[in-house]
Amino acid sequence: MFLLGIFTTLLISASAEFCYNDVEAACSPKTTFTDDPVLPNCNARYGAIEGLQTDLQSYANGHIETSFEFLLMSTHFGNYEANRIGFKDLYRKMSDKAWEKAIDIIKYITKRGGRMNFNQLPHFKKTGKDTRVLELNELHSLAKALDSQKQLASEALRLHTVAKQHNDAAIAHYLEEEFMESQSEAVRTLAGHTSDLKNMLNRDAALATYLFDEYLQKIL
């Protein structure tokens, strides 16, 4: 009998965290029309979203920041002075991709019952020198883009590890499916572009840059 009482008490305590109990309390005969019933547990939150929401917000903002960075680089190489259409298209494509990923993260946060905070700073910080994207030449811009993609990829790996530590397989799976594979491909592609252009510049730099820009226009 004593054990039954303890079990009943634990069951009541545990059940207090369910939406059904909130609704039952709100619809109780004791509740009047002047009351404003609060349903704190009637939401989409489950798993470790409470603990990981801030990290996901930071990651979304990191993608937004990177998207604007690539957009500035695209504008720089698309003006009449630089006239590097291949580089312009490359960075515009990367900007759009980062923007789409940011929107996807925000949607996932809200799907899990969270809210987006655009004031949450990214975990990776950029120095003053790193932000001067309009002063970069073609090779330096590829190196800068590669570093930015590596930052996003490394942060995805960190978040994946944290999600596994919190036993939230859904968030870990989401990161694997939507980010880790595509980011590995992006890093590999940019690393190849950087290496190829560097090797070409050892001969005629002006001609090499022109030919590489033409190559980018054909593959994009």
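This is a predicted model: local features need pLDDT of at least 70, side-chain atom pairs count only at pLDDT 80 or more; totals for chains, interfaces and linings use all residues.
N83 counts as partly exposed because its relative accessibility is 47%; buried here means under 20% relative accessible area, exposed over 50%, and partly exposed in between, with a 1.4 Å probe and protein chains only. The residue sits in the loop between α3 and α4, and has a positive phi of about 55° although it is not a glycine. Helices here are DSSP runs of H or I with at least four residues, numbered from the N terminus.

Residues are numbered from 1 along each chain as its sequence is written, and side-chain values use heavy atoms, with hydrogens and water left out.

N167, in the loop between α5 and α6, has a positive phi of about 60° and is not a glycine either. N167 is exposed, because its relative accessible area is 69%.

I turn now to helix α7, residues 205–219. Its 15 residues should span 21 Å at 1.5 Å a residue, and its end C-alpha atoms are 21 Å apart, which agrees; the expected span is 1.5 Å times one less than the number of residues. Which residues of α7 are buried? They are A208, T209, F212, D213 and L216. These residues cover an arc of only 135° around the axis, so they lie on the same side of α7; the arc is that of the directions from the helix axis to the C-beta atoms. An α-helix has 3.6 residues a turn, so residues three or four places apart point the same way. The face turned away from the buried side of α7 carries the exposed residues A206 and K218. The cover over the buried residues of α7 includes α4, α5 and α6, where contact means heavy atoms within 4.5 Å.

For α4, the 27 residues should span 39 Å at 1.5 Å a residue, and the end C-alpha atoms are 39 Å apart, which agrees. Just after α4, G113 takes a positive phi of about 90°.

Finally, I come to T66, which lies in helix α3, residues 49–78. Is T66 buried or exposed? T66 is buried, because its relative accessible area is 0%. Leaving aside residues up to four places away in sequence, T66 touches F124, S148 and L152.

Methods: Helices (H or I, at least four residues) and strands (E, at least two) are DSSP runs, numbered from the N terminus.
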